[in-house]
Amino acid sequence: MLIKKQYHFYAGHRNHELSGKCSNWHGHRYGITIVIAPERTQAGVTMLFEDIDKIAEQIINKYDHAMLICNADVYFEQMISMKNADGNTMKVVIFDKPTSVENLAEKLFYELHIAGLPMDSVLIKETDSSVVVYNHWDYKGETA
């Protein structure tokens, strides 16, 4: 049995390894669908949606309204030291790989998995017509 839950967040990024429009800073409203494969009890109960939300929302919220940046990007040092108008450091999520939607899917799958969700897959909708699926067959146990 599989259970799906949907979330979304807004984030900015650029892909420093590409040329063209994706090398410029821009943003997306990422649609996230997590698919878990929980074990069922004898009574047929799996996992409460509320319990899934407690785990998933804590992870997904760190991405919401953040800048995603690769530590190899030439703007990395500037980005992590930038301040908001209120003087606080900007919200940044650091990647070890380019900030592509494929690498985001891998990173989210890993983070949700190590947080305790029995992950089957994560689907990330970057635009209305573009979706990346990262599943348990892709996951090899390495950190994202």
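Trainee: Which residue forms a salt bridge with Lys 107?

Mentor: Glu 111 does. The closest N and O atoms are 3.7 Å apart. Keep in mind that this is a predicted model.

Trainee: Where do Lys 107 and Glu 111 lie?

Mentor: Both are in helix 3, residues 101-114. They sit 4 residues apart, about one turn of the helix.

Trainee: Are Lys 107 and Glu 111 buried or exposed?

Mentor: Both are buried.

Trainee: And how many salt bridges does the structure hold?

Mentor: The count is 7. One of them joins Lys 54 and Glu 50, at 3.7 Å from N to O.

Trainee: What separates Lys 54 and Glu 50 along the helix?

Mentor: About one helical turn, because they are 4 residues apart in helix 1, which covers residues 49-61.

Trainee: Is Lys 54 buried or exposed?

Mentor: Lys 54 counts as exposed, since its relative accessibility is 54%. Glu 50 is at 52%, so that one counts as exposed too.

Trainee: Which residues are linked with them in a network?

Mentor: The network of salt bridges takes in Glu 50, Asp 51 and Lys 54.

Trainee: OK, what about Asp 73? Which residue does it form a salt bridge with?

Mentor: Arg 14, with the closest N and O atoms 2.9 Å apart. This pair links distant parts of the chain, 59 residues apart. Asp 73 is in the loop between strand 3 (66-70) and helix 2 (76-81). Arg 14 is in the loop between strand 1 and strand 2.

Trainee: Why does Asp 73 count as buried?

Mentor: Because its relative accessibility is 5%, and the cut-off for buried is under 20%. Arg 14 is buried as well, with a relative accessible area of 12%.

Trainee: Zooming out on charge, how many positive and negative side chains are there?

Mentor: There are 14 positive and 19 negative ones. The centres of the two sets lie 3 Å apart.

Trainee: Switching to the fold. What pattern does the chain follow?

Mentor: Along the sequence, read β-β-α-β-α-β-α-β-β. That comes with 3 helices and 6 strands. The C-alpha trace spans about 55 × 35 × 30 Å along its principal axes.

Trainee: How many of the contacts join residues at least 24 apart?

Mentor: Among contacts between residues at least 6 apart in sequence, 65% do. As for burial, 41% of the 144 residues are buried.

Trainee: Which residues does Val 35 touch?

Mentor: Leaving out residues up to four places away in sequence, Val 35 touches Leu 2, Ile 3, Lys 4, Met 119, Asp 120, Ser 121 and Leu 123. Take Leu 123: it is 88 residues from Val 35 in sequence, yet 8.1 Å away in space, C-alpha to C-alpha.

Trainee: Which residues make the nonpolar surface patch?

Mentor: Trp 25, Val 74 and Tyr 75 make a patch of about 320 Å². Trp 25 comes from the loop between strand 1 (3-13) and strand 2 (26-36).

Methods. Residues are numbered from 1 along each chain as its sequence is written. This is a predicted model: local features need pLDDT of at least 70, side-chain atom pairs count only at pLDDT 80 or more; totals for chains, interfaces and linings use all residues. Side-chain values use heavy atoms; hydrogens and water are left out. Patches are made of residues with over 30% relative accessible area and no salt bridge: like charges are joined within 9 Å, nonpolar side chains (Val, Leu, Ile, Met, Phe, Trp, Tyr) within 5 Å. Accessible areas come from the Shrake-Rupley method with a 1.4 Å probe; for residues, only the protein chains shown count as cover. A salt bridge is a side-chain nitrogen of Lys or Arg within 4 Å of a carboxyl oxygen of Asp or Glu. Helices (H or I, at least four residues) and strands (E, at least two) are DSSP runs, numbered from the N terminus. Contact means heavy atoms within 4.5 Å. Buried means under 20% relative accessible area, exposed over 50%, partly exposed in between (1.4 Å probe, protein chains only). Lys and Arg count as positive and Asp and Glu as negative; His and the chain ends are not counted. The place of a charge is taken as NZ of Lys, CZ of Arg, CG of Asp or CD of Glu.
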